[in-house]
Amino acid sequence: MGLGVSLLLIAAGAILAFAVNTTVSGVDVQTVGWILLVVGIVGGVLSMIFWSSWAGPGYWSRRRGYVEDAPPPGY
């Protein structure tokens with residue numbers, strides 16, 4: 001889960017927990033909102049923790065070794 005999905009879950013959870021005043025049979029909307037809010041916060045924190053360890057696609061395949069090119073002709 002990325003930071004964008006975490007922000008989306010936090011926003012949806014806050015809307016359901018604080019702004020919706022309706023009743024649905026069999027579902028507590030405020031509880032669903034709080035669950036989404038907590039999951040979004042946990043996902044955002046984990047994304048920030050592991051952000052520094054993620055180097056992007058192909059990081060390990062790029063760093064096989066350093067090969068110095070020969071100098072250009074006439075140098």
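User: Leaving out residues up to four places away in sequence, which residues does Ser47 touch?

Analyst: Quick caveat: this is a predicted model. In it, Ser47 touches Met1, Gly2, Leu3 and Ser6 once residues up to four places away in sequence are left out. Ser47 itself lies in helix H2.

User: How do I read its accessibility: is Ser47 buried or exposed?

Analyst: The idea is to compare the relative accessible area with a cut-off: under 20% means buried. Ser47 comes out at 15% relative accessibility, so Ser47 counts as buried.

User: Ser6 turned up among those contacts. Where does Ser6 lie, and what does Ser6 touch?

Analyst: Ser6 is placed in helix H1. With residues up to four places away in sequence set aside, Ser6 touches Met1, Gly40, Gly43, Gly44 and Ser47. Ser6 is buried too, at 1% relative accessibility.

User: How far apart are Ser6 and Gly40, in sequence and in space?

Analyst: Go by the C-alpha atoms for the spatial part: Ser6 and Gly40 are 4.4 Å apart C-alpha to C-alpha, with a sequence separation of 34 residues.

User: What lies 3.0 Å from a polar atom of the Ser6 side chain?

Analyst: That would be the backbone oxygen of Gly2.

User: Let's move on to aromatics. How many aromatic pairs does a search of the whole structure find?

Analyst: In general, you describe a pair of aromatic rings by the distance of the centres and the angle of the planes. Here the search of the whole structure gives 1 aromatic pair. Its partners are Phe18 and Trp34, with 5.3 Å centre to centre and 85° between the planes. Planes over 60 degrees apart count as edge-to-face, so this pair gets that label.

User: Which parts does the pair tie together?

Analyst: Phe18 belongs to helix H1 (residues 3-19) and Trp34 to helix H2 (residues 29-51), so the pair ties together parts that are 16 residues apart in sequence.

User: And how accessible are Phe18 and Trp34?

Analyst: Phe18 counts as exposed, at 54% relative accessibility. Trp34 has a relative accessible area of 44%, which makes this residue partly exposed.

User: Last one: which residues make the nonpolar surface patch of about 630 Å²?

Analyst: Val38, Ile41, Val42, Val45, Leu46, Ile49 and Phe50 make that patch. Take Ile49 as an example: this residue lies in helix H2. Exposed means over 50% relative accessible area, and Ile49 has 52%, so Ile49 is exposed.

Note on methods
Residues are numbered from 1 along each chain as its sequence is written. This is a predicted model: local features need pLDDT of at least 70, side-chain atom pairs count only at pLDDT 80 or more; totals for chains, interfaces and linings use all residues. Side-chain values use heavy atoms; hydrogens and water are left out. Rings of Phe, Tyr and Trp (its six-membered ring) pair if their centres lie within 6.5 Å; planes under 30 degrees apart count as stacked, over 60 as edge-to-face and the rest as tilted. Helices (H or I, at least four residues) and strands (E, at least two) are DSSP runs, numbered from the N terminus. Buried means under 20% relative accessible area, exposed over 50%, partly exposed in between (1.4 Å probe, protein chains only). Contact means heavy atoms within 4.5 Å. Patches are made of residues with over 30% relative accessible area and no salt bridge: like charges are joined within 9 Å, nonpolar side chains (Val, Leu, Ile, Met, Phe, Trp, Tyr) within 5 Å. Accessible areas come from the Shrake-Rupley method with a 1.4 Å probe; for residues, only the protein chains shown count as cover. A salt bridge is a side-chain nitrogen of Lys or Arg within 4 Å of a carboxyl oxygen of Asp or Glu. A polar contact is a pair of N or O atoms within 3.5 Å; within protein, one must be able to donate a hydrogen and the other to accept it, and residues adjacent in sequence count only if both atoms are side-chain atoms.
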